[in-house]
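Hi,

Here is the structure I promised to pass on to you. Have a look at it first, and then read on for what turned up.

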Amino acid sequence: MPTSLSTRVVLYFYGVVIIFLLYLPLVSVGFASISKARYLSFPIKRYSTKWYGEAVQSSTVSELLTTSLWVAILVTIVSIVIGFFGALAFARYQWRYRTLFQKLILLPIFFPQTVLGLALLMWFNSVGVIPSWKTAVVAHLVWIAPIATLIVSIRAYSFDPALEEAARDMGAGTWTILREVTLPLLMPGLISAGLFAFLLSWGNFPLSLFTTGADSTLPEWLYAKMVSGYSPLVPTLGVMSVVGSFLLILLALTFSWLIRVNRESRTTQKQKIL
Amino acid sequence: MSEKAFLHLKDIVKKFGNFTALDGVDLGIHKGEFFTIVGPSGSGKSTLIRLLVGMDDVTTGEIHLNGKRIDQTPANLRPTCMVFQSLALFPHMSVGQNIEFPLKLRKESPAARRTRALELLDLLRLPQEYYDKRISQCSGGEKQRVALARALAFNPEILFFDEPLSALDYRLRKTLEKELKDLHARTGKTFVYITHSLEEAMVMSDRIAIMKDGCIEQVAVADEIYGKPVSRFVAEFMGEVNLFPISADAKGTLLSDFLLVKNCLEVNVVPPNAQGLLMVRPEYVRFVNDGESYDFNLSGQIHGEYALGSRIQYEIETTAGIITVEKLREDRLNASNGDAVTVGFNSNCTHFICDAI
Amino acid sequence: MNALDRKLGFLSSLPLTILLLISFLAPMAVVALFSVMPAKVFSLANAPDFSSYSVFLSQGYYKSLLWSLGMALASTCILLLLCWPLAYGMAKVFGRFTLVITIAVVMSLFVSENIRLFGWVLTLMKGGLIEGHWRAFTGNGFDSPLYGVGIIVFGLVYVYLPFMLFPLAQGIAMVPDDTRQAAYDLGATRWQVLWQIEIPLAAPGIVVGSLLSFVLAAGALAESKILGGQAVIAFADDIETAFTFGQNWPLGSALSIIMIAIIGGLALFGVSKVDLDAIMGRKR
């Protein structure tokens, strides 16, 4: 059943429309951030970048950014470590409670985050921990570490256990195998899991809302301003946050591309020598 | 090409971008015949069958079935049906539901469908209990039969087969080849079978077409393809073969660099002024004992001896390269590697391929 | 399953299991305990009663639950219809363009939900991107579609599109091309292929995608607050209010437990129906 040309064209067009709609609101935010007026109204009459200047100078903004950044960095590091071992238990090793484990880690992902945040708030309160950005790290981890595990698992599934067995056959111990065989092979999965962890933590709002205590992350602050009335700094900071995320993705993509190019050029060089 | 052919392909061309997969295929297949298309991978045979079934569109050319043009008809409206290499059984349906699928599409009553499905299980020698079995519970050979039953339930004018036996082990394949031939005889349907295996083609087919690089090289009955190939490609594709460059002068006198011809004037396998290859199959080559003589002779040394079950194959190193000789096991030669031998064969066992190199 | 695998599997599951025990299952237990405390207490050292659950029925909280579930159902159905053609394209037609779509959709996920929804407010409000330009062109404005039930469902569809799209595409990719072609060859029309072959064989993807989007949409809060202007109160909103303004932890906990029971039940049911190993691409 060949897909006819007209069907293909319609499908491509449909895909482009969906992507366009997905990003349309960001376009509005972008325009709003460079509108000079304090009260936004389209079409925009005068453009200015003064809100960016104000945002950069504001000490509140730099505080928000520092908190968000620290939370995201810690979440990323811990998620990578947990995701590495979690993925091995999820996909690689055949052990007794594997299916139970697989289901357990799906639960937090399915869970409504607002409720999770509130539950954690009560829990911290019950055990006498005062919420701060550090407790937010734990809250983020409950949701992000399982996601990181799933991402690494996809890589772990395509991994041939015979490679580890071969290493063991040649006398390598468990740690050596993990370090020399498993870790390098799972590396692409770990990198994308780290990227996901950072970005999801950076953009997360419902978990942060109840677990940061007196501290505040960027999405929390944006939400507070959104529901309490318009502030021209909201689109400005929104754009800054989005641009930051996309720069990071771009960086990661360039980096992985460079590694691939480098590896290919090395192999061609070797072939030339041979 | 007979205009009366049941399935008639006229100058079929299929291009994928710059790549020409089929380059002008003409073919006529008769009603009720078991027709096999053989070719190495990449020869275009799979593309051809996809066009015939309607899963791809021809670039140019026409397909006629029973006098009606069908190349613009979509696959679901063509009265043809294919048994896939993967069998493509529906994993979410039982054996019975699979077989009934085409009948269900025609809105036949559940009772009639069931009756027909049970008949087909019988025809394919599957027990009736299989009706409720899951596909995943069937063995390879059973799945094969279910796929056939499903195709027959569709009651097509022509049944196409896309190498359905290639994934099975040797013994099962041999059994199913014979069953398929038997089924063909009992149903009287037109079967068009594609395969890369010469053996499969030889066992089952009435006629065989050999494909190479998107073209049909030769169409003939199995014996003719084997004994009288039209090109070096066909000769070599159809099994072990010995080929010698040969030519004849204006008077028909044979000229060969390698072969010792007993009586150049009496042997007229090559027309005057022609040149090409002289072919002889290994089973027709004899070891020459003292006092015997053949039309063509050649001497060399034994290079290797290989047991092929009922036969023994010898490789003889000669000035013309390695010559292959096959003997029945009971006629095994009492010799070892390096022994000098003379081999020979008669002209009535040879075939001259004109203009081949 | 050899002894070494068993030991290593158990050991490597420990970090995540411990994290989830301490910061997921334990908090859930606390919520469950608080839900049976008398109203407005802040410690667990009280005699249990079930007053909070009766408040759920008596004070009309079930209405917002029904709204949340209804809107989640509506958005899931819309998403299924909306995503099927695109997922089909990604799985079977697009080739390299699939990667472009995947990257574009995943990148949108990294933008905080708040910012994206706020962007829709700017786009759709009176004097927003669309209406503002329309009025500048034609001289006539029109009413903003914001602040209603419809726009909340729209917001849910928008935010949870990736959660339907990717499982669906994965599900469709699991339908072997041969079975589709065989059905077609046996005389099926495109509709018959869709209903009798593609949908049953893509069922795991459909189940996972629908479940994810339903569950996430049922627990959503921001869409009704930011886009809906509280036209209807989402159940998650009730929960939040009970905790924050209401200062009634037992009520909030009871409402949470009701939501957890519904969502958790659905999630467990769905997850138990699906072979995770197959969906995630096990190659063994």
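How do the axes of helix 8 of chain C and helix 9 of chain C cross? They come within 10 Å and cross at roughly 165°. Axes here are lines fitted to C-alpha atoms, for helices over the stretch in contact, and angles run from 0 to 180 degrees between N-to-C directions. That angle makes helix 8 of chain C roughly antiparallel to helix 9 of chain C; the cut-offs are under 35 degrees for roughly parallel, over 145 for roughly antiparallel and 65 to 115 for roughly perpendicular, with the rest oblique.

Before going further, a word on the model. It is a predicted one, in which local features need pLDDT of at least 70, side-chain atom pairs count only at pLDDT 80 or more, and totals for chains, interfaces and linings use all residues. Residues are numbered from 1 along each chain as its sequence is written, while chains are lettered from A and ligands numbered from 1 in the order in which they are written. Helices (H or I, at least four residues) and strands (E, at least two) are DSSP runs, numbered from the N terminus.

**The helix 8 region of chain C**

Helix 8 of chain C passes helix 9 of chain C in a right-handed crossing. By the convention used, a crossing is left-handed if the near helix is turned anticlockwise from the far one by less than a right angle, and right-handed if clockwise. On the helix 8 side of chain C, C:T179, C:R180, C:A183 and C:Y184 meet C:V193, C:Q196, C:I197, C:E198 and C:L201 of helix 9 of chain C. This contact has 5 nonpolar, 2 polar and 2 charged residues. Two residues are in contact if their C-beta atoms, placed from the backbone, lie within 7 Å. For the classes, Ala, Val, Leu, Ile, Met, Phe, Trp, Tyr, Cys and Pro count as nonpolar, Asp, Glu, Lys and Arg as charged, and the others, Gly among them, as polar.

Helix 8 of chain C is largely enclosed by the rest of the structure, because 7 of its 9 residues are buried. A residue is buried if 20 or more other C-beta atoms lie within 10 Å of its own, exposed if 12 or fewer, and partly exposed in between, again with C-beta atoms placed from the backbone. Among the buried ones are C:Q181, C:A182 and C:D185. Their cover includes helix 1 (45–53) and strand 6 (80–83) of chain B, together with helix 9 of chain C. After helix 8 of chain C comes C:G187, with a positive phi near 110°.

**Where the chains meet**

Between chains C and B, 15 residues of chain C are in contact with 16 residues of chain B. Helix 8 of chain C gives the most to the side of chain C that touches chain B, with 6 residues. That side has 8 nonpolar, 5 polar and 2 charged residues.

The contact of chain C with chain A takes 76 residues from chain C and 78 residues from chain A. Here helix 1 (residues 3–35) of chain C gives the most to the chain C side, with 20 residues. By class, that side divides into 47 nonpolar, 20 polar and 9 charged.

**Another helix pair in chain C**

Helix 10 (residues 203–218) and helix 13 (residues 249–273) of chain C have axes that come within 10 Å and cross at roughly 170°. The two helices are therefore roughly antiparallel to each other, and their crossing is left-handed. Residues in this contact include C:L211 of helix 10 and C:L266 of helix 13 of chain C.

**Chain B**

Chain B has 8 helices and 20 strands, and 37% of its 357 residues count as buried. One open sheet of 6 strands in chain B has the order 6-7-8-3-9-10, with mixed pairing. Its edge strands are strand 6 and strand 10 (215–221) of chain B. Within it, strand 3 (residues 34–38) and strand 9 (residues 207–212) of chain B pair in the parallel sense over 4 bridges, with B:I37 opposite B:A209. Two strands pair if DSSP finds at least two bridges between them.

Strand 16 (residues 296–308) and strand 17 (residues 311–318) of chain B pair in the antiparallel sense over 8 bridges. They form a hairpin with 2 residues between them, and B:G309 in the turn has a positive phi of about 75°.

Best wishes
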